Amino acid sequence: MRIVTFAFVLLFAGCTPGVVASDGFPTADAPFTLTALDVGQGDAILLETPKARVLVDGGADATASRHLAARRIRRLDLVIATHGDLDHVGGLPDVLGDVEVGELWLHPSPVGKAAVDRLVGAARTAGVPIRGPLAGAVLRVGDLTLEVLAPWPALLEGAGEDASNDASIVVRASAGGAAVLLGGDSGAAVHARLLSAAAERLRAEVLVLPHHGSSTSDLRLIAAVAPTVAVVSAGWDNPYGHPHREVVAELARLGIPLRRTDEEGTVTVRLPTRLPAAAGVGG
Ligand SMILES: [Zn+2]
């Protein structure tokens, strides 16, 4: 699929009722949207362009699936399971059972094995192919370009909870000249290497804070990404204190607004790209 890139105006508009057309696709004036579904403590991030719909993680339970049903979304081109923690993959078997899915990205890991096994089983039942892309892969889904920034093979060999988080799929998704960066639950060791090896490829208009805004992140990541807005998915009054105050303070220092599912519920961010308007209606 040819990617058409136009100059775009760097404007940010927040959650606006009516931004999504009745068929669930973004309207022509908001062709690239990110929706952080309110799934409590966990991640379920929906990316939509005129020709692509991608769900990154699915929360802990069937809440994400209910959100998709309420939006009458019946197909996802791609589902990415960033890593095996329950708050990211627990709800994905429901999604694969309820919605047609083109492909699943997943790196099996010993941590969260039961939830991952359930997800793999659901993918097999639904006939969804599984792929485990590594850093360096660039894949296109419709008009969306997905650059995989992590993990690299050594990260998949680690053991324990921190290693599981650091094995997260980190992806930069772009369309029409705008990008979002999603880091799963990756932590400072991963971010430090990305900053030294790939800092110029981190820039994005929207940063979904890794690990629900935890201080396990390398705070320098925020300035390197230089987003127009940051988004955090975390449960209200969650026991981990996410997002952590150091991260919130760094965003404030840099003048970057933070959209929070724990305070707002589902958060929608529109990226005003200039994708072809004619492609604005799809099924
Ligand atoms: Zn998590």
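A residue is taken as buried if 20 or more other C-beta atoms lie within 10 Å of its own, as exposed if 12 or fewer do, and as partly exposed in between, with C-beta atoms placed from the backbone. The structure is a predicted model, in which local features need pLDDT of at least 70 and side-chain atom pairs count only at pLDDT 80 or more, whereas totals for chains, interfaces and linings use all residues. Residues are numbered from 1 along each chain as its sequence is written.

By the burial criterion, 51% of the 283 residues in the protein are buried. The protein has 10 helices and 16 strands, these being DSSP runs numbered from the N terminus (helices H or I, at least four residues; strands E, at least two).

In helix H7 (residues 188-198), the buried residues are Val190, His191 and Leu194. These cover an arc of only 95° around the axis, which puts them on the same side of H7, the arc being that of the directions from the helix axis to the C-beta atoms. Ser196 and Ala197, both exposed, are carried on the face of H7 turned away from its buried side.

Seven strands form an open sheet of mixed pairing, in the order S9-S10-S11-S12-S13-S14-S15, where two strands pair if DSSP finds at least two bridges between them. Strands S9 (138-141) and S15 (258-260) stand at the edges with a single partner strand each, so one side of each is left without a neighbour in the sheet. Within this order, strand S12 (residues 178-182) pairs with strand S13 (residues 206-208) in the parallel sense over three bridges, and Val180 stands opposite Val206 in S13.
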